[in-house]
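This report covers a pocket and a sheet. The sequence and structure come before the description.

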Amino acid sequence: MAERENTDPERMEKIVSLCKSKGFIFQSGELYGGLNGCWDYGPLGADLKRNIKDYWWRKNVQERDDIVGMDGSILTHQAVLTASGHVGGFSDPMCDCLLSKARLRADQIDPQSGTAYHYTGASHDESEWSVEKSFSVLLTDPNSDENKARKTARLYYAQFLTNQQISPKKLKLQGESTTEETDTISYNPENGSLLTEPREFNLMFQTKMGASSDDNDPNAVAYLRPETAQTIFVQYKNVLDSTRQKIPFGIAQIGKAFRNEINPRNFTFRSREFEQMEIEYFCHPDDGMKLTDEWLEKRLNFYEEIGVPREKLHILDVPDGERAHYSKKTYDIEYEFPFGIQELEGVAYRTDYDLGKHQECSGKTLEYFNPETKEKFIPHVVEPSAGCDRTCLAVLCEAYDEENLAEEGAKPDIRKIMRLKPCIAPIKAAIFPLLKNKPDLVAKAKEVQMLLQPHMNVFYDEAAAIGRRYRRQDEVGTPFCIAIDFETLGEETDDGQDLTDTVTVRHRDSMEQERVAISELLPWLLSRIV
C-alpha cells in the first residue's frame, strides 16, 4: 500500500513536459501568459480524451438496456441551483496570506505547531514613518531563531512604506512577543506568514442572460453549471416518460462543468473548467445500498480496462460526518498520482434528496408509479461520477515509462514509452515505407493507409530512419507500427520465402515483429484495438 503523501515530482515533470512537446495538453492562453486553471487538449490529447469518453459511453450506455444518455445545457436556470442548494451554499472557506497575497483553501491547510512571533507595527526613524498593524510569523523549525521571524515581519511591513526606496532591513519592529502554537491553521505553510480569517468563497461562475438584461435584474441571472448532475435530475421525468424506462434505470451524461477553484493545482487534476462523466441511476429506496456496492465494482473494472491497474487504486469509504449532506453512502476511488493519492471518482448514494428538493421547489410531482405493485415513491439515486480530465491524467501517468535498451556498461539508450491501452490510444497504427525515395514502397504504404483510415486513426510517416520513427510512435503510445518493405513488393527473402503483400507489424511494448498479410491486416488490428 502506497503512502498517501508519497510523491514523485521528477516523474510528474517529465509527464507534463511530454504532454506539451507531443501535443497532448497545453496551457490555455499560453501565448498571453496562460489562464490559470484552464487547459487546452492538443491533437493527441483530444483523441485520447475522446477515446476515453467513447469507451465510457459504450460500456455504460451502448452496451446496457437500462441506461440512456442525454446532453444538457451548460447555462443553468438559477432556480435549479437554488433548489439543489448550490446558490448560497456552494462555497469553500478561503483565506489570504498577508505577506504573499496567495489564496489558500482554509480546509486544506495542514495543522502546524511551533513558536509564533507577534508584532504590533513597525517604524523608520530617519523618515519618521510608522505603521500600527498586528502581524505574526510562525516558526515550525526548532533550529530557527527570531531573526528569521523578524525578516519575514519586515517584508510584510515594507508593503506599507510610502518611500519604496527604504530597505526592509532598516525597519524597526514594535511590540514583539511570542506564544507557543499547537495544530494551528492560521499560518501559511510556505512562508510562516499570518493568514486572514477564513471567509466563504462562491465557487460558481455567474452570468447574465439576454441582450437587454439589467445588472440589477435577478431574473436575468444564470450560472455555468458546477456539475452535470442537476441537469439530469430536472429532466428525469421527461426522460422517463419519453423512453418508457422502468425503475431501476439510469441517465448518463458527459459534459463540461465549471468551478471557480481558489487554488487550481497539479496540472489538469484540479481545474476551473473540466469535464464530467456521470450516471444518475434511479432505483427503489430498498435497493440503494446494494446498488452502490455493485456500481463500485463496475467502476473499478472500467479503470482496469483502460489501463489503470487495481493495485494502484484505493477505495475510501467516506465516514459519517465527512460525506456530503445528501449522501447516505459514498465511496471515493483514488489513484496513486505522482503528486500523491487523490480522488478519481465518487460513487455516492444520494437517496431521494435531489428529486425531493426539485419536487418541493417546483411544485410538480416527480414520484414514480410502479404499475405492477401499485406503489408510488420518489426514486432514490446512486451516482457514479467520474472526472474525464482526471481519468486522462491517471491514464497518462500510468502509461509513461522509460527503459534502457543499452547493453550493460554501454552508454544509456533510453526509450520513452506511453504504454496506453490500444482501445484508448490516440493513434492506433503508424504506417512507414522503409525508404521514402522508393516510389513503389511509398505507393504501397499509401494503399495501406487508405485501407485502414476509414476504420481507425492512423499516422503516416516517411521521415528519418525507421528506428527513429518507431521511437517517435513509442512516445505517443501508438500500439502498432506497420512497415512496408521490399518483401512486401515481392522480393524474395534469404530463405526463399514469398512475402508478397505482407507487412511487418511491430508491437510497441515488446518491440517484437510479425508478418501479416495486407488482406488480413484490417481485421487483425480491429480485434486488438477494441
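## The second largest pocket

The lining of the second largest pocket has 7 nonpolar, 3 polar and 5 charged residues. Here Ala, Val, Leu, Ile, Met, Phe, Trp, Tyr, Cys and Pro count as nonpolar, Asp, Glu, Lys and Arg as charged, and the others, Gly among them, as polar. A pocket is an open set of points on a 1 Å grid over the protein atoms alone, with protein on both sides within 12 Å along at least five of seven lines, and lining residues have an atom within 4 Å of a point.

Of the 15 lining residues, Asn 51, Arg 58, Cys 423, Lys 428 and Ile 529 are the closest to the centre of this pocket. Helix H2 (residues 43-62) contributes the most to the lining, 6 residues. Helices (H or I, at least four residues) and strands (E, at least two) are DSSP runs, numbered from the N terminus.

## Basis of the model

The model is predicted: local features need pLDDT of at least 70, side-chain atom pairs count only at pLDDT 80 or more, and totals for chains, interfaces and linings use all residues. Residues are numbered from 1 along each chain as its sequence is written, and side-chain values use heavy atoms, with hydrogens and water left out.

## The sheet

An open sheet of mixed pairing is formed by 7 strands in the order E3-E14-E15-E21-E18-E17-E16; two strands pair if DSSP finds at least two bridges between them. Strand E3 (67-69) and strand E16 (313-317) are the edge strands, each pairing on one side only.

E3 runs parallel to strand E14 (residues 249-258), joined to E14 by 3 bridges. Gly 69 has Ala 252 in E14 as its bridge partner.

Definitions and conventions: On a 1 Å grid over the protein atoms alone, a cavity is a set of points where a 1.4 Å probe fits but cannot get out, and a pocket is an open set with protein on both sides within 12 Å along at least five of seven lines; lining residues have an atom within 4 Å of a point.
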